[in-house]
Amino acid sequence: MARNVAVIVGSLRKESLNRKMAHALIERAPEGLAFSFVEIRDLPLYNQDDEAAPDAATVAFRDAIRPVDAVLFVTPEYNRSMPGVLKNALDVGSRPYGQSVWSGKPCAIVSVSPGATGGFGSNHHLRQSLVFLDMPAMQQPEAYIGHADKLFDAEGKLANPDTGKFLARIMHAFTAWIGRFAVK
Ligand code: FNR
């Protein structure tokens, strides 16, 4: 039975390196995982006052995350942390109190940057929130992918075979990680 994985990209940019990386990761995943991109661009900034009548984008986002088995986060680093749009999506999914759509879902984090440190700060700030959200985050391999502006060809395809092998390793490990938490 395929496990359903929501893919959340922490960048809204059309030519996003992170979105390209998300596609490259999916292409290298083993059998048994079914991926769907869940978009965060239309979510309003979280406002607790809106819980009385949540807007359609909020409801649709929560409904998209609730049934999945796992989540793959692929995110840039903004000012040594995760982008605000990603934090906002975490917040939207976490409420109303006691009805978080994230609880218990295994996840993996891949951070991607043109810089040398590969979004380490973003990756680990995200992990801090995931502890509170009760999402077991894959530990190994750690995935901080730097110099990402050099990794893709003009069509947006991964052009570096060594990185391709690393992505395959991440996705094999993620498949095993999801299996550990699967309800039999
Ligand atoms: C950045 N960028 C960046 N890069 C990094 O390695 N560490 C950082 O702290 C930051 N900070 C930062 C803040 C803001 C507001 C922007 C817009 C950008 C650069 C960033 O990694 C680069 O723009 C990536 O290309 C963003 O990812 P996408 O959009 O290509 O997926």
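**Figure 1. The largest pocket and its lining.** The largest pocket is lined by 15 residues, and Ser94, Arg95, Ser100, Phe132 and Leu133 lie nearest its centre. The model shown here and in the other figures is predicted. The volume of the largest pocket is about 280 Å³. Helices H3 and H4 each supply at least two residues of the lining. H3 gives the largest share, four residues. Sorted by class, the lining of the largest pocket holds five nonpolar, six polar and four charged residues.

**Figure 2. Helix H3 and its buried residues.** Helix H3 covers residues 84-94. Leu86, Asn88, Ala89, Leu90, Val92, Gly93 and Ser94 are buried in this helix. The buried residues of H3 pack against strand S1 (3-9), H2, strand S3 (70-75) and H4. Not counting residues up to four places away in sequence, Ser129 touches Met82, Lys87 and Leu90.

**Figure 3. Aromatic pairs.** A pair of aromatic rings is described by the distance of the centres and the angle of the planes. The model has four aromatic pairs. In one of them, the ring centres of Phe61 and Trp102 are 5.9 Å apart and the planes are at 65°, so the pair is edge-to-face, a label for angles over 60 degrees. Phe61 lies in helix H2 (residues 56-65) and Trp102 in the loop between helix H3 and strand S4 (107-112), so this pair ties together parts that are 41 residues apart in sequence. Both Phe61 and Trp102 are buried. Another pair, Phe120 with Tyr144, is tilted, with 5.0 Å from centre to centre and 55° between the planes. Phe120 belongs to helix H4 (residues 120-132) and Tyr144 to strand S5 (residues 144-145), so the pair ties together parts that are 24 residues apart in sequence. Phe120 is partly exposed, with a relative accessible area of 42%. Tyr144 is also partly exposed, at 24%. One aromatic cluster is formed by Phe61, Phe73 and Trp102.

Figure 4. The largest nonpolar core has 29 residues, and Met21, Leu25, Leu72, Val110 and Phe174 have the most contacts inside it. S1, H1, S3, S4 and helix H5 (161-181) each supply at least two residues of this core. H5 gives the most, with six residues. Leaving aside neighbours within four places in sequence, Phe174 is in contact with Val5, Ala70, Val71, Leu72, Cys107, Ala108 and Met138.

**Figure 5. The surroundings of Ala29.** Ala29 is placed in the loop between helix H1 (17-27) and strand S2 (33-37). Its C-alpha atom is 8.3 Å from that of Leu167, although Ala29 and Leu167 are 138 residues apart along the chain. When neighbours within four places in sequence are left aside, Ala29 is in contact with Phe35 and Met171.

**Figure 6. The cavity.** There is one cavity of 30 Å³ or more. The volume of the largest cavity is about 80 Å³. Its lining is made up of Pro44, Leu45, Tyr46, Asn47, Asp50, Glu51, Pro54, Asp55, Thr58, Arg62 and Val92. By class, five of these residues are nonpolar, two are polar and four are charged.

**Figure 7. Backbone features in the loops.** Most residues other than glycine have a negative phi, and most peptide bonds are trans. The peptide bond from Arg95 to Pro96 is cis, with omega near 0°. Pro96 is in the loop between H3 and S4. Another cis peptide bond joins Gln140 and Pro141, with omega about 0°. Pro141 is in the loop between H4 and S5. The loop between H4 and S5 also holds Asp134. Asp134 is not a glycine, yet its phi is positive, at about 60°. The relative accessible area of Asp134 is 48%, and this residue is partly exposed. His147, found in the loop between S5 and H5, is likewise not a glycine and has a positive phi of about 55°. With a relative accessibility of 44%, His147 counts as partly exposed.

Notes: Residues numbered from 1 in each chain as written. Predicted model: local features only at pLDDT ≥ 70, side-chain atom pairs only at ≥ 80, totals over all residues. Heavy atoms only, no water. Phe/Tyr/Trp six-rings, centres within 6.5 Å; stacked < 30°, edge-to-face > 60°. Buried < 20%, exposed > 50% of the residue type's maximum accessible area, 1.4 Å probe, protein only. Contact = heavy atoms within 4.5 Å. 1 Å grid on protein atoms, 1.4 Å probe; cavity = no way out; pocket = protein on both sides within 12 Å on 5 of 7 lines; lining within 4 Å. Points joined across faces, edges and corners; volume = space filled by probe spheres on them. Nonpolar A, V, L, I, M, F, W, Y, C, P; charged D, E, K, R; others polar. Core = buried A, V, L, I, M, F, W, Y, C linked by side-chain atoms within 4.5 Å.
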